[in-house]
Amino acid sequence: MSVASTTSFDGIELDRAGLARRRRLRLLPYALLAPSILFLGLFTYLPVIRVAIESLYDKPHGTGAAASFVGLGNYGKVLADPAFRQAALNNLIYAVGVLVPTLVLALAFALAVQRSTRFSAALRTVFFFPSLVPLVAAASLFFFIFLPGVGLLDYYLGKLGIRGPNWLGDSDIALWSVIGLTVWKNAGYYMLFYIAGLQNVPRDAVEAAMIDGANAWQRLRFVILPALAPTTAFVTVIALIQLLTSVDHVIVLTRGGPSNATNLLLYYIFQSAHENFDYGKAAAATLISVAVLLAISFGSLRIMERGARGHG
Amino acid sequence: MARLDRHLWPALTVALLSAVAFLWASPFLWTLVASFRPEGAGSADMASLLPDLHPTLENFRNALESGSFGLYYMNTLIVVVGVLAVQCVTVSLAGYAFARLRFPGRDLLFYAFLLQLMLVPPALIVPNLATVVDLGLYDTLPGVMAPYFASAFGTFLMRQTFLALPRDFEEAAAIDGAPWWAIIWYVLLPMAKPGLVAFAIVSITAHWNEFLWPLMVISSPANHTLTIGLAAFTLGAESGKEWGVLAAGTLLVMAPLAVAFIAFQRRFVDSFVFSGVKG
Amino acid sequence: MIIATRLGPKWLGSTALALTIAAAAMPAWAQTKIEFFFPVPVEGKLAREMTRLVKLYNESQKDVEVTAAYTGSYDDTKLKAQAAAKAGKPPSVVLMSANFNVDLKLSGDIISLEPMLKADETTREDFLKDFWPALHANAVVDGELYGVPFHNSTPLLYYNVEHFKEAGLDPAKPPRTWAELADAAKKLTKGDRHGFLMPAGYDYLGWLMEALSMSNGGRYFNEEYGGEVYYDQPSMLGAARFVEDLIFKHKVMQQGVTEAGGVSTAFFAGKASMVLLSTGSLSFIRENMKQSYDVAFVPKNVRNAVPIGGASLVMFAGQSEDSKKAGWKFIKWLTTAETLGGWSRFTGYFAPRKSSYDKPEMKEFIAKNPDAKVALDQLPYAKPWFATYQTVAVRKALEDEIQAMMNGKKKADQAVKDAQKKADELMRPYVEQTSLKLP
């Protein structure tokens, strides 16, 4: 952080004359940032303040009673709510359960389609395509795929003689079915980032390793993967953001069920506000979730910064 | 052994890849096949990937009747393009400010920006809806777009991009007396195009697929975006168990995207390659 | 117009054309535009048919123009309508689940229809006279009319006749009691075919549990006071235990939760021999079931009793007077005996008006479709749908527990106990303002 309280235009000294210009330049950064700050203020900071205030009150819906100040009472209610705890746990499982396979597959796909053959181009299309389909549409498709007995999965499993479980109706499996759908949808999208990242892997290092007798697996582990660290960090950040803030498939496919098996944090908030009309509780849950998300985001951004700096 | 290796591994890889690709594509294959299959809401072979011998266009007709897909497409395009257009301006300006200018409070403001990364509009849906209503933007497309006009992610990306650019051109231009906006427009942006393209892809994909926020903001059918229209339509077809119609509707949504992607695939992927998206 | 373009310069012709069109398009008096939200939660081409009806209405008169918006399930429609109202743009008319009236009235979302009745110079009793008695309770809240029934249903047992014959059961004698049901289901279950299946998704499960607990002699809720539900009473407990036994003891039903779509699909595909579904699915099943099937009353354990389901037309608060008048006109058009009868024949739902069944088309239809007759015969046993404070949340409290039970995570006794506890907690704010508010 520069100690100077004046604005310097990147080390280029401004001539003494032009005090007005200097003042304008001092205001320049703020002017450039103004539009962004305006919208951020309206749709990020203001809502947070509103939510914070709302979380301190309890207004029972439809009873005609006035809102009462309950301080941190709502937070206590939320943390004690088994549905919230289930949603938090589910979100954790969901995040890890989607992130790891997605990254692995994205990298695997990228490695597979590196070459410029027609086959590779076709593969690229096939893998990437799911991400072009809105999650809502994909969820409806998957409703059919998961249909017990006659859905796509069970139909072909049946041909192999396997009896599929109740994909969306079994509370032990439902979350994994949702995870499966998400992996299918996202892997191809992150594959693109890895394709780009792979282009930047230094060829000489790979060749040097080959000359040294390293096999494909060792080349991957010791040369390619480290070179891809910045890409991985970048993709992890985007993926985490997406995972924690999109619940379209839950809304359309399972509505949090069966018995909260697929309830996720954002969906819990949505439910509290729109089904139970407990806005105080929804607000408290929002702040709690947001705090957790912020912690994660700062953590991953730290990694990203380090990765970018390290790559130079 | 070596000879076996040379022939076996590639063949296995191709086979494996083809199998995985088939798996990946099977939902779409089913969609394609089912949309032409005549109505049979409960035949045990509904999931079959083999096309029916008597294909029909009935499903498409029903699908088109159920929703004005053309209108939904139009609305979604407006939202996506509108958001991107404004975002390009805000993130370029903000990214430049953070990358090249020094001013009091810079780091603080930057972290404030980063807050937005996690505080995405869906997470703040209840208060944001109230704000949108207060601004008189309920049930309008601008109401859907407004929360996204500033993008912390985009700002971050552009800052990184600008930071990585060599300063020689700017300094030369500055010495020549070029004002800041000329420097940004004529010097920096052309060099930062890959970063912008990467951001554009992320933004377009995100807003094309968006569902929850538009769902809450929009109520009249005339303003429905593709996701809302499709959800309403598929929910109806779903409860109607009209799988053929559901498949046809989904196909109607996907087909233009498929065509566009296949046509521009090369350029699309190349833009990623040169985007310097390393972090 | 052609004459004009031939006789005069081109621009004159097109101007005349434009003026003519403009004149024709301008109504002689102002048209009120209103919005109509409707859900269609059961199977069939219902959304398309409703859109067609609305278009018919718009074309039939010039006073009111209705924009119809299909808004998903019953729960979704409630959400959307309330969100729109909160934003200051309430829909004029909403087809709402018949049991949301209490909830919506308590939250001030819907308006009483008494003023409309008064303007029409009729009374509530007269107005409701033509509607089936079982429907009255859900339409009236605190002595005032809040909803006009549009289509209604009850649960019905659908069974596969061929499977019956194959298993040595007489298709003319469907199971009448729970014991007979379990027995028949055991004979019908073989391989991957289930003897019995029922939807257990949100909303449907609550309704069916009400049906089962009523058939077990009880009530799900206090019809006169929205702060009490009876989950842990013997009638509901017995119903829960029965469902649990069907899955785990008799092994005739699939473990886990199956959505309605899955149930009807399984029925069509011959993977389920008996299913408990709404009469609202009658037409859909009739159209799509290839094998021979029949319908029967919901089996009883103590008595024959079923809840009604379906929807009524309500009007949201916050509208202008003109909008209210227009909305009421539209409601009246939608609920004539003919329209209701036609909708009933198309969907399988009941026509809520008795007079619809006096019409010749309806008589002919019932004669041709005996399954519709069975549904009609069950009506005398129909009772109100549960409606309490925070209906959806209180319902979900039960559903979540039963779903956990169906997944083998809880025993029935524990499930209903937990459900009651949750429900009581949800209703506490209301209860504390009413019966627990003492001087």
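**One residue and its surroundings**

Mentor: Start with C:Asp76. C:Asp76 is buried, because 21 other C-beta atoms lie within 10 Å. Here is the scale: buried takes 20 or more other C-beta atoms within 10 Å of the residue's own, exposed takes 12 or fewer, and partly exposed is in between, with C-beta atoms placed from the backbone. Keep in mind that this is a predicted model, where local features need pLDDT of at least 70, side-chain atom pairs count only at pLDDT 80 or more, and totals for chains, interfaces and linings use all residues. Residues are numbered from 1 along each chain as its sequence is written, and chains are lettered from A and ligands numbered from 1 in the order in which they are written.

Where does C:Asp76 sit? C:Asp76 belongs to helix α4 of chain C, residues 74-86. Helices (H or I, at least four residues) and strands (E, at least two) are DSSP runs, numbered from the N terminus. Leaving out residues up to four places away in sequence, C:Asp76 touches C:Pro39 and C:Thr71. A contact means that two C-beta atoms, placed from the backbone, lie within 7 Å. C:Met96 is 20 residues from C:Asp76 along the chain, and their C-alpha atoms are separated by 10 Å.

In β12(C), C:Ser312 is the bridge partner of C:Met96. Strands β3 (residues 93-97) and β12 (residues 309-315) of chain C run antiparallel and are joined by 5 bridges. Two strands pair if DSSP finds at least two bridges between them. The sheet is open, with 5 strands of chain C in the order β2-β1-β3-β12-β6, and its pairing is mixed. The edges are β2 (64-70) and β6 (148-153) of chain C; each has a single partner strand, so one side of each is left without a neighbour in the sheet. On average, neighbouring strands of this sheet are turned by 20° against each other, direction ignored.

Now step back to the domains. Chain C splits into domain 1 (32-152 + 309-380) and domain 2 (155-307 + 384-433). Such bounds come from an automatic or database domain assignment. The C-alpha centres of domain 1 and domain 2 of chain C lie 26 Å apart. Domain 1 of chain C puts 27 residues into the contact, and domain 2 of chain C puts in 28 residues. On the domain 1 side, at least two residues each come from α4, α5 (101-106), α8 (136-139), α16 (337-347) and α18 (370-377) of chain C. That side of domain 1 of chain C has 14 nonpolar, 9 polar and 4 charged residues. For these classes, Ala, Val, Leu, Ile, Met, Phe, Trp, Tyr, Cys and Pro count as nonpolar, Asp, Glu, Lys and Arg as charged, and the others, Gly among them, as polar.

Next, the partner chain. Chain C has 27 residues in contact with 23 residues of chain A. Helices α13 (260-268), α19 (391-406) and α20 (412-433) of chain C each supply at least two residues of the side that touches chain A. α19(C) gives the most to that side, with 5 residues. By class, the side of chain C that touches chain A has 12 nonpolar, 11 polar and 4 charged residues. C:Gln390 is in the loop between β13 (382-383) and α19 of chain C. C:Gln390 is not a glycine, yet has a positive phi of about 55°. C:Gln390 counts as buried, because it has 28 C-beta neighbours inside 10 Å.

A:Asn260 is in the loop between α11 (248-254) and α12 of chain A. Phi of A:Asn260 is positive, near 65°, in a residue other than glycine. With 24 other C-beta atoms within 10 Å, A:Asn260 is buried.

Follow α12 of chain A. Helix α3 (residues 82-112) and helix α12 (residues 265-274) of chain A pack at an angle of about 150°, with their axes 8 Å apart. α3(A) and α12(A) are therefore roughly antiparallel to each other. From α3(A), the contact takes A:Ala83, A:Phe84, A:Ala87, A:Ala88 and A:Asn91; from α12(A), it takes A:Leu265, A:Tyr267 and A:Tyr268. These residues divide into 7 nonpolar, 1 polar and no charged. Axes are lines fitted to C-alpha atoms, for helices over the stretch in contact, and angles run from 0 to 180 degrees between N-to-C directions. Angles under 35 degrees count as roughly parallel, over 145 as roughly antiparallel, 65 to 115 as roughly perpendicular and the rest as oblique.
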